[in-house]
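Colleague: Hi! Could you walk me through this one? I have a few quick questions.

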Amino acid sequence: MIKKIFFSFFFLTSFIAYNQTNGANISGNIESTFQYLRADSLIGANLPPEKGLLNSYMNAFYTQGGFKAGMRIESYMPHINGYPDRFDGTGLGMRYIGFVNEKLDVTLGNFYEQFGAGLLFRAYEDRALGYDNAMDGMRLIVRPVKGVILKSVYGNQRQDFKSGVVVRSTGIVRGIDGEIHINELVKSLAEKKFDMTLGASFVSKYQKDDNDLLKLPENVGSYGARAKLRYGKLTFDAEYAVKENDPSSDNKNIYNTGHAALFNIGYSKKGFGFSLSGKSVDNMSFRSDRNQSLQVDLINYLPSMNKTHTYNLVASLYPYATQLNGEIAYQTEIVYTIPKGSKLGGTYGTTINGNFSTAYQPLQHTSTIKSSDSTGIAYVGKPFDKSNNLYWQDINFSISRKFTKSFNLILSYFDIKLNNDVAKVTEEAKGIITSHIGVIEAGYKINKNHSIRIELQELITNKGDSRDKGDWATAVLEYNFKSNWFFGVMDQYNYSNPEKDLQIHYVIGTVGYVEGSSRFTVSVGRQRAGLFCVGGVCRNVPASNGLTFSFTQSF
Amino acid sequence: MKNLVLLFSLLFSTFISFSQEGTSSNVLEVKKIPSVQLKDIDGKSVNTAELGFKGPVVISFWATWCSPCKRELNTIHDLYTDWKTETGVNLVAVSIDDEKTKNQVPVYVDGKGWDYLVLMDVNGDFKRAMGVNNVPHTFLLDTNGNIVYSHNNYAPGDEDKLFEEIKKLSAK
């Protein structure tokens, strides 16, 4: 007995000693959101039978020397309003162990990863959206010499979280990726003005052929190459990816190969920035389960080519997400700051921002396809070959100016066209919805402890079939006290809804308290139905009326 | 005899752990910055644990679509030269913009004339490792890379508090 105590004490002290020499580190975060909702028949908000809803998760990451381990516990008791139904129960949502040093990084278990721009492979999470396609398997990253990175991934994807257990995809995903930064590899080029990075990847999935009528490919390969060139402040990025035939419910079981192409030209110097991007996508939905839809089992990521807006009316009524089956899109962005001290620039400088983005349906050539054709190839698509069918267009400007140390003003205008027949956001409109939005934002710092911010927004839709819910006005008032306290009120008024009963105010009030890395917020009020988007991925949130309490903590 | 060996080894190991406490104490109390391989806006590799700055370092997580983040970094931009000369501080702005908006990062950074080191955390690896829930989230590191202060959210006036914390470090 005494021996045992001695032994355990010995191990404990040595363990502590070892920890201290190698700098053990624990970090992580907690987030919890509680909702207590009421029924509100006017806006179509339902009372959930449980009345109270609770989402929580906590991450913990441990590193010591080269060793790493991490886990996440998730809990949906049940999930909050609008969160995907695929999440329920409490359990282990993610776990891994691994080893890292200068040249090697091995992970077993769950990991997130991205090859290039993600056209072929991206394992990504966004907890706010309920988006999580973590891989479960093995990842190896090797950095043999400076400037060279080789990655390989092998595993199943996270598909659902049912009764507290992660459900994995039936298909297996595997891939390799290599990237060479020439100027880091070749030392003599290190300080040269011309800089080049090249990369290539191969990703393949396996899923059993479960269809009696069709002969489906069980292994689907995809490959791509990319280049990043820089000359001083001028940059050129391009990536091209091809996916072999992959009949799926997304593409209605056609046997076409798919492609995705991206390019970006950028130039910037102090006070001026410019970028022009283009994208061509055809038949590029890539999932580890060919029968899935929405955001389930996606292997790759096709970024939508438009600005992520932040003002409420601009961001949540008519947002656009990439059409996986195909689109041709362009975007340009300019930021210019009129220098401070000049007559136009004022004391602190004035910044002008312009942005234009557009997306069209690609042309599908069918004249060479014979009706007797049994290959399953439905059409011929060419990169950047667009039709005149508009999916999306956004023209927006903003001017921001700081007048004094404590007062600033931002004026913005947005002109947005969204093809609701294709990128559907509402049931109440047909064809292209055109909206014009103006926003005035003012911030005033009263003194060290008090500041206020006001936003006035107005959205006007074109009359006719695509009028949707008509016009809106929104006012936001925020007051900050001592950097810890935050009070906000937002009123969205749908003043010209074609249905008179729905010409109502959606008022929501929020109080927040922040201390270091802890944050508490309580909001009470009416939330209209709308799209909640982060980084181009959106989820539909139904209307609600009630109380939301949320808590976040980092450690 | 066996017991004696055990007793000695026990004493020895306790001694080691005690003596180390004197030199590198509070290992778990003060958090070090995790090591993650990122790229800066020019495509150069940067290890977050080896940023190579001499003085205190502010790490600020932001995104082009995050208005309070931009408010915070634009406010500090007007004060940055003074902060640097007074305390030797450097600010690292970590963009969590993903593929959709990452091309707008250099446009905004240069368009605004920021002088920060800007790192790209396209797939959220560093964000995850630092336990960041939402942006803006700002950390202050001492010269040994220990996290000594952090703040989530931004309200006008937070920059004054941050600067007071920086001054405490440079006074040491």
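Colleague: Leaving aside its neighbours within four places in sequence, which residues is Tyr320(A) in contact with?

Modeller: Tyr320(A) is in contact with Ser304(A), Asn306(A), Trp392(A), Leu418(A) and Ala423(A), leaving aside neighbours within four places in sequence. Two residues are in contact if their C-beta atoms, placed from the backbone, lie within 7 Å. Please keep in mind that this is a predicted model, where local features need pLDDT of at least 70, side-chain atom pairs count only at pLDDT 80 or more, and totals for chains, interfaces and linings use all residues. Residues are numbered from 1 along each chain as its sequence is written, while chains are lettered from A and ligands numbered from 1 in the order in which they are written.

Colleague: Where is Tyr320(A) found, and does it count as buried or exposed?

Modeller: Tyr320(A) sits in the loop between helix 3 (312-316) and strand 19 (326-338) of chain A. Helices (H or I, at least four residues) and strands (E, at least two) are DSSP runs, numbered from the N terminus. Tyr320(A) counts as buried because it has 27 C-beta neighbours inside 10 Å. For that label, buried takes 20 or more other C-beta atoms within 10 Å of the residue's own, exposed 12 or fewer, and partly exposed is in between, with C-beta atoms placed from the backbone. The C-alpha atoms of Tyr320(A) and Met305(A) are separated by 9.1 Å, and these two are 15 residues apart along the chain.

Colleague: Zooming out, how many helices and strands does chain A have?

Modeller: Chain A has three helices and 31 strands. Its C-alpha atoms fill a box of roughly 80 × 75 × 60 Å along the principal axes, and 37% of the 555 residues count as buried.

Colleague: What is the radius of gyration of chain A?

Modeller: It is 26 Å for chain A, which agrees with the value near 24 Å that a compact globule of 555 residues would have. The radius of gyration is taken over C-alpha atoms, and the globule rule is 2.2 Å times the number of residues to the power 0.38.

Colleague: Which strands of chain A are joined by a hairpin through two residues?

Modeller: Strand 23 and strand 24 of chain A are joined that way. Twelve bridges link strand 23 to strand 24 (residues 450-461) of chain A, and they run antiparallel. In strand 24, Arg453(A) is the bridge partner of Gly443(A). Strand 23 (residues 432-447) is also joined to strand 22 (residues 407-419) of chain A by 13 bridges, again antiparallel, with Gly438(A) as the bridge partner of Tyr413(A). Two strands pair if DSSP finds at least two bridges between them.

Colleague: Nice. Changing topic, what is the strand order in the open sheet of chain B?

Modeller: The order is 1-8-7-4-5-6-2-3, eight strands with mixed pairing. Strand 1 (31-32) and strand 3 (45-47) of chain B are the edge strands, each pairing on one side only. Strand 4 (residues 57-62) and strand 7 (residues 137-141) of chain B pair in the antiparallel sense over five bridges, and Val58(B) stands opposite Leu140(B) in strand 7.

Colleague: How many residues of chain A are in contact with chain B?

Modeller: 73 residues of chain A are in contact with 51 residues of chain B. Helix 1 (residues 2-22) of chain A gives the most to that side of chain A, with eleven residues.

Colleague: Where does pLDDT stay under 50 in chain A?

Modeller: Over residues 15-21 of chain A, for which the model has twelve contacts beyond four places in sequence. pLDDT is the predictor's confidence in each residue, from 0 to 100. Chain A averages 91, and 95% of its residues score at least 70.

Colleague: Which peptide bonds are cis?

Modeller: One of them runs from Met77(A) to Pro78(A), with omega near -20°. Pro78(A) lies in the loop between strand 3 (67-76) and strand 4 (89-100) of chain A. Another joins Val135(B) and Pro136(B), where omega is about 0°.

Colleague: And Lys252(A), is that buried or exposed?

Modeller: Lys252(A) is exposed, with 9 other C-beta atoms within 10 Å. Lys252(A) has a positive phi of about 55° although it is not a glycine. By contrast, Asn153(B), with a positive phi of about 95°, counts as buried with 23 C-beta neighbours inside 10 Å.
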